[in-house]
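Hi,

Here is the structure I promised you. Have a look at it first, then read my notes below.

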Amino acid sequence: MLGLFQNMPGARQWRRYISENAHKPGSGIEVLEAALAKIPKELNV
C-alpha cells in the first residue's frame, strides 16, 4: 500500500500520512481517504 504512488508527486506525503496515522486506535478507511487527498488530483483515478 505504501508503494502505490512510488516516484509520483505527493508519494512522500502519502506514505508519511499513512505511517503516522494508520496505527492509531479507531483508524479506518478515513486514513486512506485523507492520504489520497495528498496526491495531486490529476493522478487520482
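Asn-7 is exposed, at a relative accessible area of 75% (exposed means over 50%, buried means under 20%, and partly exposed is in between, using a 1.4 Å probe and protein chains only). You'll find Asn-7 in the segment before α1, the helix of residues 11-21. The phi angle of Asn-7 is near 65°, which is a positive value in a residue other than glycine.

Before you go further, keep in mind that this is a predicted model, where local features need pLDDT of at least 70, side-chain atom pairs count only at pLDDT 80 or more, and totals for chains, interfaces and linings use all residues. Residues are numbered from 1 along each chain as its sequence is written, and side-chain values use heavy atoms, with hydrogens and water left out.

Now the overall picture. The chain has two helices and zero strands; here helices (H or I, at least four residues) and strands (E, at least two) are DSSP runs, numbered from the N terminus. Along the principal axes, the C-alpha atoms fill a box of roughly 30 × 15 × 15 Å. Of the 45 residues in the chain, 20% are buried. The chain exposes about 3500 Å², and carbon and sulfur atoms supply 56% of that (areas come from the Shrake-Rupley method with a 1.4 Å probe; for residues, only the protein chains shown count as cover).

How do α1 and α2 cross? Their axes come within 9 Å and cross at roughly 155°. Those axes are lines fitted to C-alpha atoms, for helices over the stretch in contact, and the angles run from 0 to 180 degrees between N-to-C directions. So α1 and α2 are roughly antiparallel to each other (over 145 degrees counts as roughly antiparallel, under 35 as roughly parallel, 65 to 115 as roughly perpendicular and the rest as oblique). The crossing of α1 past α2 is right-handed, meaning that the near helix is turned clockwise from the far one by less than a right angle.

Which residues meet there? From α1 there are Trp-14, Tyr-17, Ile-18 and Asn-21, and from α2 there are Val-31, Leu-32, Ala-34, Ala-35 and Leu-36. Contact here means heavy atoms within 4.5 Å. The residues of this contact divide into eight nonpolar, one polar and no charged (Ala, Val, Leu, Ile, Met, Phe, Trp, Tyr, Cys and Pro count as nonpolar, Asp, Glu, Lys and Arg as charged, and the others, Gly among them, as polar).

- Leu-36 lies in helix α2 and is partly exposed at 35% relative accessibility. Its C-alpha atom is 9.1 Å from that of Gly-10, 26 residues apart along the chain.
- Pro-40 sits in the segment after α2 and counts as partly exposed, at 23%. Leaving aside neighbours within four places in sequence, Pro-40 is in contact with Pro-9 and Gly-10.
- Gln-13 belongs to helix α1 and is partly exposed, with a relative accessible area of 42%.
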